[in-house]
Amino acid sequence: MISLAEFGSLFSALNSKKEHLFRSWLFEPGMGYNDWQLWWPSPREKRPRPHEGIDFFCYEDQLGKLHNLGTSLVPAPCGGTVVALCADFLGQSLFLLPEQPAEQESLYVLAHISPHLGLGQSVRQGDVVGSVAAAQGLIPAHLHVSCLQGRWRDLPLQLSWPALHGQRQLQFVRPFLE
Ligand SMILES: [Zn+2]
């Protein structure tokens with residue numbers, strides 16, 4: 001698992017010129033792992049369940065310039081293979097199975113994107129998996145990343161958000177080191 005800063009560096013390597021290299025992510029209350037409130041503008045509502053991952057919306061570069069993600073390219077946080085795709089409320093969610101020992105069962109979800117990959121395709125860390133999906137109404141364009149642990153191959157349903165919320169075999173965990 002990589003850190004938030006390492007993921008930011010992968011992000012700016014794909015999207016920024018050299019002078020705009022990543023310094024730090026900007027987060028608002030509600031964007032973090034396990035947060036209970038929504039972060040997009042008024043009215044701030046309570047989520048139906050704690051936030052299953054981290055939302056990325058904006059980063060600051062080394063010159064202090066802010067970069068909204070908009071329709072930026074999204075890097076793979078690890079090398080892996082696409083094992084499922086499903087619709088979400090802003091675009092699609094891509095399920096990435098990391099290259100890992102067979103006894104480890106983690107799975108990344110990159111959500112609210114337009115995927116550039118199909119089922120069964122593999123990527124290396126930092127390769128493009130898609131682009132951030134456009135905003136809809138009050139919901140700004142953003143990338144959501146989740147990490148799941150558990151025996152996902154045993155799930156009776158195809159991987160999707162409704163399937164994830166209706167099961168107990170998989171647990172959401174913090175998707176990046178702080
Ligand atoms: Zn989210």
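User: Which protein atoms hold the zinc ion here?
Analyst: In this predicted model, the donors are His51 through NE2, Asp55 through OD and His144 through ND1, lying 2.1 Å from the zinc ion.

User: What spacing do those donors follow along the chain?
Analyst: The spacing is H-x3-D-x88-H. His51 sits in the loop between β1 and β2, while His144 is in strand β11, so the pair links distant parts of the chain, 93 residues apart.

User: Are the two histidines, His51 and His144, buried or exposed?
Analyst: Both His51 and His144 are buried.

User: Switching to the inside of the protein. How many residues are in the largest nonpolar core?
Analyst: It has 31 residues. The members that touch the most others are Phe7, Trp25, Phe56, Leu110, Val129 and Leu143.

User: Which residues of α1 are buried?
Analyst: They are Leu4, Phe7, Gly8, Leu10, Phe11 and Ser12.

User: Why would residues three or four places apart point the same way?
Analyst: An α-helix has 3.6 residues a turn, so residues with that separation point the same way.

User: OK. What covers the buried residues of α1?
Analyst: The cover includes strands β1, β2, β3, β5 (73-75) and β11.

User: How do β1 and β3 pair, parallel or antiparallel?
Analyst: β1 and β3 pair in the antiparallel sense, over 4 bridges. In that pairing Ser24 stands opposite Glu60 in β3.

User: What about β3 and β4?
Analyst: β3 and strand β4 (residues 66-68) also run antiparallel, joined by 3 bridges. Tyr59 has His67 in β4 as its bridge partner. The two strands form a hairpin with 4 residues between them, and Gly64 in the turn has a positive phi of about 90 degrees.

User: Which residues other than glycine have a positive phi?
Analyst: Asn34 is one of them, with phi near 75 degrees, and His112 is another, with phi near 65 degrees.

User: Where are Asn34 and His112 found?
Analyst: Asn34 is in the loop between β1 and β2, and at 41% relative accessibility Asn34 counts as partly exposed. His112 is in strand β8 and is buried, with a relative accessible area of 4%.

User: New topic. How many salt bridges are there?
Analyst: A search of the whole structure finds 5. One of them joins Arg23 and Glu60, with the closest N and O atoms 3.3 Å apart.

User: Which parts does the Arg23 and Glu60 pair tie together?
Analyst: Arg23 lies in strand β1 and Glu60 in strand β3 (residues 58-61), so the pair ties together parts that are 37 residues apart in sequence. Arg23 is partly exposed, with a relative accessible area of 45%.

User: What does Glu105 form a salt bridge with?
Analyst: The partner of Glu105 is Arg153, at 3.9 Å from N to O. Glu105 is in the loop between β7 and β8 and Arg153 in the loop between β11 and α2 (161-165), so this pair ties together parts that are 48 residues apart in sequence.

User: Is Glu105 buried or exposed?
Analyst: Glu105 is buried, because its relative accessible area is 18% and the cut-off for buried is under 20%.

Notes: Residues numbered from 1 in each chain as written. Predicted model: local features only at pLDDT ≥ 70, side-chain atom pairs only at ≥ 80, totals over all residues. Heavy atoms only, no water. Core = buried A, V, L, I, M, F, W, Y, C linked by side-chain atoms within 4.5 Å. Buried < 20%, exposed > 50% of the residue type's maximum accessible area, 1.4 Å probe, protein only. Salt bridge = Lys/Arg side-chain N within 4 Å of Asp/Glu carboxyl O. Pairing = 2+ DSSP bridges. Donors = N, O, S within 2.8 Å, 3.2 Å for Na, K, Ca; no water. Contact = heavy atoms within 4.5 Å.
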